[in-house]
Amino acid sequence: MLYILFLYTVFVISIMALTERKIIHIDADCFYAAIEMRDNPALKDRPLAIGGSSERRSVLSTANYPARSYGVRSAMPVAVAKRLCPDLLILPGHMEKYRLASQQMHDIFKQYTHLIEPLSLDEAYLDVTQSTQCQGSATLMADRIRQQILETVGITVSAGIATNKFIAKVASDWNKPDGLTLVTPKQQADFVAAIPVKCISGIGKVAQQKLAELGVYYCADLQKVAFSVLQKRFGSMAFRLSQLALGIDERPVQTSRERKSISVEHTFAEDLTGVEPCLSVLPELIDALQKRMTGRGYEARLSKYYLKLKFDDFKQTTIEQPIQKKLSTAVFSELLQQAHSRSKRPVRLIGVGYRLSNVISSQLLLPF
Ligand SMILES: [Mg+2]
């Protein structure tokens, strides 16, 4: 009987080992600023930031590390950044250069796997579980990718390697800039326990506050909270939270072809009360959405507008509308008003995006 149990255990463990994935998350270090410093090395040690897109110069899109040492951050209003760092040099962005660098990075990724999920121009997940390069070592592959990007593009990237997307993404941030962090299946439990809950995507200031009230600052603390308590406080988000707290994340790496939707969402530091403040942040979200879509070739596959609101009671509502012939971002305002009228509670998160179809349409006239 014991022998059978032993065999069964060996069987289960080997199945687990067989299905263990190898995910690499690559993220360029202060991407836009790095490209500008590459092209003008005299800027290297100066605090430097790149202004937002053409109409929205008032917000920074990237800051280099000397600027960050003053507390300057991306998405920070220029006025605030200047107050923190009066010598801050603010340059306009050069999207063409960034797009080219992004393409070069992508071409390097393709040498290792076809399972690539780009998150933005400078960030991607790679599933290298089946890759045979570097004797199948994900760490060696990540190392080589970093080296090739340095040689070809002239910038540094950081890499995180783990068995799933959540841990790989946190890991790539662990030793930034120019870092490589491997989290082996054996180290995983300890690594996850030490992750601050604010690193979980969707945990903004309000949720952080709610968790702090429960004495929760790290995933280790979160693991101890009863599911019923989480459910009461976080509604539909509770399940995801409890899974991530244990380092469980089954989401596959989705290539652009398989992708069903593209969206951006933002959790606000303070809940937005009333529909007007929500409408006023919409243009920024739409900008971010367009940025995320840049160069991905999704335009011909857009099928529906999509908008999501999450309220302060953590209940959420989504609304969709088929895209008629012409794409119009004004539709998002209408959808926002409709969605908002469903609850009227303060809003903690807004998401905007598009559903994608696999049918290519040439009918759409695009504004970007
Ligand atoms: Mg980056």
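What spacing do the donors of the magnesium ion follow along the chain? In this predicted model, the spacing is D-A-x93-D. The protein donors are Asp 27 (OD), Ala 28 (O) and Asp 122 (OD). Their distances from the magnesium ion run from 2.2 to 2.5 Å. The pair of Ala 28 and Asp 122 links distant parts of the chain, 94 residues apart. Ala 28 belongs to strand β1 (residues 23-28). Asp 122 sits in the loop between β5 (116-120) and β6 (123-127). Ala 28 is buried. Asp 122 is buried as well.

Glu 123 is placed in strand β6. Is Glu 123 buried or exposed? Its relative accessibility is 15%, so Glu 123 counts as buried. Leaving aside residues up to four places away in sequence, Glu 123 touches His 25, Ile 26, Asp 27, Glu 117, Pro 118 and Lys 169. One of these, Asp 27, is also a donor of the magnesium ion. With His 25 there is a polar contact: the side chains of Glu 123 and His 25 are joined at 3.0 Å.

Strand β1 leads on to strand β7. The two strands run antiparallel and are joined by six bridges. Strand β7 spans residues 157-162 and is mostly covered, with six of its six residues buried. Which residues point each way from β7? Val 157, Ala 159 and Ile 161 point one way. Ser 158, Gly 160 and Ala 162 point the other way. All of them are buried. Strand β7 also pairs with strand β8 (residues 180-182). Here the strands run parallel, and three bridges join them. The bridge partner of Ile 161 in β8 is Leu 182.

Why is strand β10 (residues 302-311) described as largely enclosed by the rest of the structure? Eight of its 10 residues are buried, and therefore the description applies. Strand β10 pairs with strand β12 (residues 347-356) in the antiparallel sense, over nine bridges. In that pairing, Leu 309 stands opposite Ile 350 in β12. Strand β10 also runs antiparallel to strand β11 (residues 316-322), with seven bridges joining the two. Lys 308 stands opposite Thr 318 in β11. Strands β10 and β11 form a hairpin, and four residues lie between them. In the turn, Phe 314 has a positive phi of about 65°.

Aromatic rings were examined next. The count comes to eight aromatic pairs. Among them is the pair of Phe 31 and Tyr 98, which is tilted. The ring centres of this pair are 6.1 Å apart, with 55° between the planes. Phe 31 lies in helix α2 (residues 31-39) and Tyr 98 in helix α5 (residues 95-109). The two residues are 67 residues apart, and their pair links distant parts of the chain. Phe 31 has a relative accessibility of 4%, so it counts as buried. For Tyr 98 the relative accessible area is 0%, so Tyr 98 is buried.

Tyr 98 also pairs with Tyr 32. This pair is stacked, at 4.2 Å centre to centre and 5° between the planes. Again the pair links helix α2, which holds Tyr 32, to helix α5, which holds Tyr 98. The residues are 66 residues apart. Both Tyr 32 and Tyr 98 are buried.

Helix α6 (residues 138-152) contains Glu 151. Glu 151 has 61% relative accessibility, so it counts as exposed. How far are the C-alpha atoms of Glu 151 and Arg 21 separated? The separation is 28 Å, for residues that are 130 residues apart along the chain.

Methods: Residues are numbered from 1 along each chain as its sequence is written. This is a predicted model: local features need pLDDT of at least 70, side-chain atom pairs count only at pLDDT 80 or more; totals for chains, interfaces and linings use all residues. Side-chain values use heavy atoms; hydrogens and water are left out. Donors are N, O and S atoms within 2.8 Å of the metal (3.2 Å for Na, K and Ca); water is not among the atoms, so sites may look incomplete. Buried means under 20% relative accessible area, exposed over 50%, partly exposed in between (1.4 Å probe, protein chains only). Two strands pair if DSSP finds at least two bridges between them. Contact means heavy atoms within 4.5 Å. A polar contact is a pair of N or O atoms within 3.5 Å; within protein, one must be able to donate a hydrogen and the other to accept it, and residues adjacent in sequence count only if both atoms are side-chain atoms. Rings of Phe, Tyr and Trp (its six-membered ring) pair if their centres lie within 6.5 Å; planes under 30 degrees apart count as stacked, over 60 as edge-to-face and the rest as tilted.
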